[in-house]
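Dear colleague,

Please find below the sequence and structure that I am handing over to you. I should be grateful if you would read the notes that follow with the structure open.

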Amino acid sequence: MEQFEQEINIPDELPLLPVRDIVVFPYMVLPLYVGREQSIAAVNEALNEDRLIFLACQKDASVEDPEKEEIYKVGTVAVILRMLKMPDSRVKLLIQGIKRAKITDYVESDQGLRVKIEQIADDVKEENIDVQALLRHSKDLLTKAVSLGKPMLPDLLAVIDSIEEPGKLADIIVSNLGLKMDEGQTVLEIENPVDRLKKVGELLNREISILEVQQKIMNDARGEIDKSQKEYFLREQLKAIKKELGEEDDFQLEMEEYAKKIKKCKMPKKVNEEAMKQLDRLSKMHPDSAESTVARTYLDWMVEIPWSKATKDMIDIKNAKKILDEDHFGLEEVKDRILDFLALRKLKNDLKSPILCLAGPPGVGKTSLGMSVAKAMGRKYVRMSLGGVRDEAEIRGHRRTYIGALPGKIIQGMKTAGTNNPIFMLDEIDKLGSDFRGDPSSALLEVLDPVQNVSFVDHYLGVPFDLSKVLFITTANYLDPIPPALKDRMEIINIPGYTEEEKIKICEKYLIPRQKKENGLDKYEIIFTKKALSELISGYTMESGLRNLERTIGTVCRKIGRKIAEGDKSESFTVTEKSLEKFLGPVKFIGEEALKENEVGVVTGLAWTPVGGDVLFIECTKYKGKGALNVTGQLGDVMKESSRAAMTYVRTIAEKYGVNPDDFDNFDFHVHIPAGAIPKDGPSAGITMATCILSCLTGRKVDKGVAMTGEITITGKVLPIGGLKEKLLAAKRHGIKKVLVPAKNEKDLRGLPKYVTKSLEIVYVSTFDEVVPHALID
């Protein structure tokens, strides 16, 4: 090598080859693969000259075209021994490091990167006993590392033993340690050979420590393996001894027990074949192997799932209706649907179970309804919450190849139920999510399809399970997030919020008795007056459901309980409207007051909200301008478009009602809906807006005792709306006497209870011209 180094004259300027993830040291021979255009150009240039090239490591291996600042300055001059062009346009080089050098400057070149370099001397200024000791110590450390298992070529060890230069010894050792790039670069940049060999000694000591720990781990592992083999032979001998003594084999008994259970389950033919196949595999395994544990777990699931076990339906329609009515007030549509299913089941036993979706606001009793249905039908009840489920395996299970694999929640629910025809409640189906683990809503498509779920395959079981006998009931607060394909498989039953009258009856029948019992007041008589309950509902709990209402009743009960604990001897307590403030503090929700007098440009509209109906006062005023329409009150796009349609129609009929057409060009109009902090949207305020604009233009007052709802077209037709029941109750609550309703909504009034329309004059209108005589006062 010395002769080879003396023969080569290293020039001051060389082509540069940036290398990634490896530091090349002098005396090091290794192959390199070159693929970048600039690098291939640098190699070609070196081959055209004297085969010398400068190798420097780049700081970030991910950078494709490194800048000057991204390349270390200290590198190695190397000679290209061989070059081979690969089929994929890359070049394979065999290079040998010659000399350390550092970059002093970069030279512009069309053929690739070129650099000016300065060689780094590798001479020891003085030889002394310390250097000799360091050389010997380093060789001893290397020998120890090899004895502990560090791979090293025998020829290389002989070469290293004959080296007496500290720098050369350090470079050869470090090039065989397999260091990380940053550690290797640190050693390469140490110019003093003695200091470099000291650093290599530190790295060798660290390597020896790691090898010693590795050796200890291997010895321990070998000991464990020997122990396992010994135990295996002992068990086999014990088994042979037991056989000679005529004693029974526990493993064989276990296999026979599994066979009995499989037979008892009465599985379908294909499922039975799979179970027996797995049992046969298990019987041929060693009882203590990991694979046998997996097979046992699988067979345990197979024999515990109710393949043929079912409960008999209680087909007593009158009794079922009685149970449903006792547990839930209202919800007539849902109860009718369940009773219809029971009646058909009585006539036809093989009827497929429907998939029902109960959609409605929180707290209206959707989840608890499932338990009542199970009780009415005499079936088992299982509930699964889908809120926040993002993994498809939650539905379909994991494949048995995964460690700790289990069936999905559907099969787990069937095992919990113990029958193949339970009531299966899938709660919060609108809260399903999806991410990189899959889409659970897509996995539910098969579960909730009466045609497909006859052969639902769980990934863990790997065999079909019949879900067609299960009555699935899903719940949702909103239908929009549910994918259309999933929604199409379900029969949607909308459950509106309870009216005030319904809530009062539910309080008296269910909530107050339950809260008395939960708060230990069974022995005491607690009476809530009708006015107190009405104030509780409208003033303290503005909601569609009953959760907050029940919590508030519970708060009142606890306050009464405290009075009793403090020494109150009374056995009867009456909660009145006035005493509520003492128990609960000031009223939290203050509703809109009805108009006290007839006004110009102010109309009473009716709105639907998630917590029930409400009145909406729409105001209009005009001022000097150029005919612009300004709409405020945090309105949605639909409501804004509705206001523009109302304005357009009023312009077309202006002259008919004595309005000067020039007013539309000389005035700006401002339509405002108060309570600006509350978002509002929907198409049902069209005739209300048109009425307030016409009132503003004509100067005619609006009848304060009239409320209206309905959408308007630009030709003056009044279109139907939704939420009529809630809107009529809101009108009644605010003392409205007359309500204008779209004529096409007449069918909706037929199914409403009498207490909703009692004391209200309902006027059906089909065009805006029919609205004006009722709304505007001459």
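**Confidence**

Please bear in mind that this is a predicted model. The protein chain has a mean pLDDT of 81, with 93% of its residues at 70 or more. Among the elements of the chain, the highest mean pLDDT, 91, belongs to strand 3, and the lowest, 47, to helix 1 (residues 2–7). Over residues 1–6 the pLDDT stays under 50, and for this stretch the model has 11 contacts beyond four places in sequence.

Strands of a sheet pair through backbone hydrogen bonds, in either a parallel or an antiparallel sense. With strand 1 (residues 13–19) the pairing is parallel and runs over 4 bridges; here C57 is the bridge partner of V19. With strand 4 (residues 74–85) the pairing is antiparallel, again over 4 bridges, and L55 has T76 as its bridge partner there.

Elsewhere, an open sheet of 3 strands with antiparallel pairing has the order 16-21-27. Its edge strands are strand 16 (599–600) and strand 27 (776–777), each of which pairs on one side only. Strand 21 (residues 701–702) is joined to strand 27 by 2 bridges in the antiparallel sense, and V702 stands opposite L776 of strand 27.

**Helix 20**

How far apart are the end C-alpha atoms of helix 20, and does that distance agree or disagree with what its 19 residues should span? The helix comprises residues 547–565; at 1.5 Å a residue it should span 27 Å, and its end C-alpha atoms are 27 Å apart, so the two agree.

The buried residues of helix 20 are L549, E550, T552, I553, G554, V556, C557, I560 and I564. Their cover includes helix 18 (500–518), helix 19 (530–540) and helix 21 (580–584), together with strand 14 (525–528) and strand 15 (572–575). After the helix comes G567, which has a positive phi, near 120°.

**Aromatic contacts**

A pair of aromatic rings is described by the distance of the centres and the angle of the planes. The structure holds 5 aromatic pairs. One of them is formed by F424 and F472, whose ring centres are 5.5 Å apart and whose planes meet at 35°, so the pair counts as tilted. This pair links distant parts of the chain, since F424 lies in strand 9 (residues 423–427) and F472 in strand 12 (residues 471–476), 48 residues apart. F424 and F472 are both buried.

Y649 and F768 form an edge-to-face pair, with 5.7 Å from centre to centre and 85° between the planes. Y649 belongs to helix 22 (residues 637–652) and F768 to helix 28 (residues 768–775), so this pair ties together parts that are 119 residues apart in sequence. Y649 and F768 are likewise buried.

Two lysines also lie over aromatic rings. The charged end of K59 sits over the ring of Y72, at 5.6 Å from its centre, and K415 lies over the face of W301, 4.2 Å from the ring centre.

With kind regards

Conventions
Residues numbered from 1 in each chain as written. Predicted model: local features only at pLDDT ≥ 70, side-chain atom pairs only at ≥ 80, totals over all residues. Heavy atoms only, no water. Pairing = 2+ DSSP bridges. Expected span 1.5 Å × (residues − 1). Buried < 20%, exposed > 50% of the residue type's maximum accessible area, 1.4 Å probe, protein only. Contact = heavy atoms within 4.5 Å. Phe/Tyr/Trp six-rings, centres within 6.5 Å; stacked < 30°, edge-to-face > 60°. Lys NZ or Arg CZ within 6 Å of the ring centre and 35° of its normal. pLDDT = per-residue confidence, 0-100.
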